[in-house]
Each structure stands twice: as C-alpha cells, then as structure tokens.
Amino acid sequence: MTHPQLGQAPTTPPTTPPPVTACRFCGCVPAVPVTFRGHQGFLVVMRFLSMPGPFCRDCGLATFRAMTSRTLIQGWYSFVSLFAAPLTVLINLSRRNRVASLPAPQPNPYGPSRPPMDPGPRLLHRPMTIIGLAIPIGAVAFITIMTLTH
C-alpha cells in the first residue's frame, strides 16, 4: 500500500513504552524519587548516610524505617550529632508520606521486577527505635535530676 501523495508506503512510528518510574530495589511500579537519610555520630567524627530512590511503597517504607531506626540508635554520640540526629529523623518523617501514599506495588509491565521488600513493623513498634528514643530522653532526665539535686 503506498501513500497517495508521496508514492511511498506509510510507516508507523516505533512504539516505545511510556516512561515509568520503577523501584530501585524490586523494579515494581509505581515508584517515586525520594531520598532517605541516616546519621551516625561517633565521639570525634560523624557520618551522614543517604539512600536515594525511586522507591515503591513497600521498599520505601522498609528503607525509611530501617534508616530512621538506625539513626535513633547510632546518631547521638557526638556534640554536633545531638542536633543532626533529630534533624535527620524529621527530614525522613517529612519524606515518608511520598512513599506511604502510593498504591500497592505492582509488577513492572515494561521491565523486570521481583517481590518488594517487607516493610516490617512500624517505626515505633521496633525495639531498636524504642531504645534509640530512650537515649536522649534518659540523658535529659539524668541532667535534669542532677541539676535539681545540686
């Protein structure tokens, strides 16, 4: 079949899959680009960590919970870390809703995917988080008691 005006056969444009953002860990969709942060404070030095996305809902929640929980345990052990750790937790909390509001992960129709990560227990249901929160609360209570008794 030829094109009546050009004398050539019509060509169909190549079909390319629509752009889709897939999870960096499992390849599922939908996913959003977000970066979760972590902080480790040592006596003299400290280390800032980051895990950039994109993440599906389940992998994003698993990453958020793991990095935030570790920050609460490991983030208090230098002077600057006393400020950096809570700030890191607040940053992660503000970014959590970007992944939590996604629908359930689905296999990527345009590429490989595997089952998403298990998000695990909620942040405040993890023993490591409870211990991590007890560190600054206990320190403040100790300082307050010592101040009031002298």
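Guide: One term before we start: the bend at a residue is the angle between two fitted axes, one for the seven residues ending there and one for the seven starting there. The model is predicted, so to speak of a local feature takes pLDDT of at least 70, side-chain atom pairs count only at pLDDT 80 or more, and totals for chains, interfaces and linings use all residues. Residues are numbered from 1 along each chain as its sequence is written, and side-chain values use heavy atoms, with hydrogens and water left out.

Visitor: Fine. Where is the kink in α2 centred?

Guide: On S94, and the kink is about 25°. Helices here are DSSP runs of H or I with at least four residues, strands are runs of E with at least two, and both are numbered from the N terminus.

Visitor: What does α2 reach from its first C-alpha to its last?

Guide: Helix α2 covers residues 81-100, 20 residues in total, and reaches 28 Å. That is close to the expected 28 Å, where the expected span is 1.5 Å times one less than the number of residues.

Visitor: Which residues of α2 are buried?

Guide: S81, A84, A85, T88, V89, N92 and V99. Buried means under 20% relative accessible area, exposed means over 50%, and partly exposed is in between, with a 1.4 Å probe and protein chains only. Residues three or four places apart in an α-helix point the same way, because there are 3.6 residues a turn.

Visitor: And what do those buried residues pack against?

Guide: They pack against β1 (35-41), β2 (46-52) and α1 (57-74). Contact means heavy atoms within 4.5 Å.

Visitor: How many residues of α1 are buried?

Guide: 14 of its 18 residues, so α1 is largely enclosed by the rest of the structure. Its end C-alpha atoms are 25 Å apart, which agrees with the 26 Å that 18 residues should span.

Visitor: Back up a bit. What pattern does the chain follow?

Guide: Along the sequence it reads β-β-α-α-α, that is, 3 helices and 2 strands. Of the 150 residues, 31% are buried. Taking contacts between residues at least 6 apart in sequence, 71% join residues at least 24 apart.

Visitor: New topic, aromatics. How many aromatic pairs are there?

Guide: The structure holds 4. One of them is F36 with F55, a tilted pair at 5.7 Å centre to centre and 40° between the planes. F36 is in strand β1 and F55 in the loop between β2 and α1, 19 residues apart, so this pair links distant parts of the chain. Phe, Tyr and Trp rings (the six-membered one for Trp) pair if their centres lie within 6.5 Å; planes under 30 degrees apart are stacked, over 60 edge-to-face, and the rest tilted.

Visitor: Is F36 buried or exposed?

Guide: Buried, at 0% relative accessibility. F55 is also at 0% and counts as buried. The pair of F79 and F83 is edge-to-face, with centres 5.7 Å apart and planes at 80°; both of these residues are exposed.

Visitor: Which residues do ring pairs link into a cluster?

Guide: F25, F36, F55 and F64.

Visitor: Last one: where is C26 found?

Guide: In the segment before β1. C26 is buried, at 4% relative accessibility. Apart from neighbours within four places in sequence, C26 is in contact with C56, C59, P112, S113, R114, P115 and P116. Its C-alpha atom is separated by 9.7 Å from that of D58, 32 residues apart along the chain.
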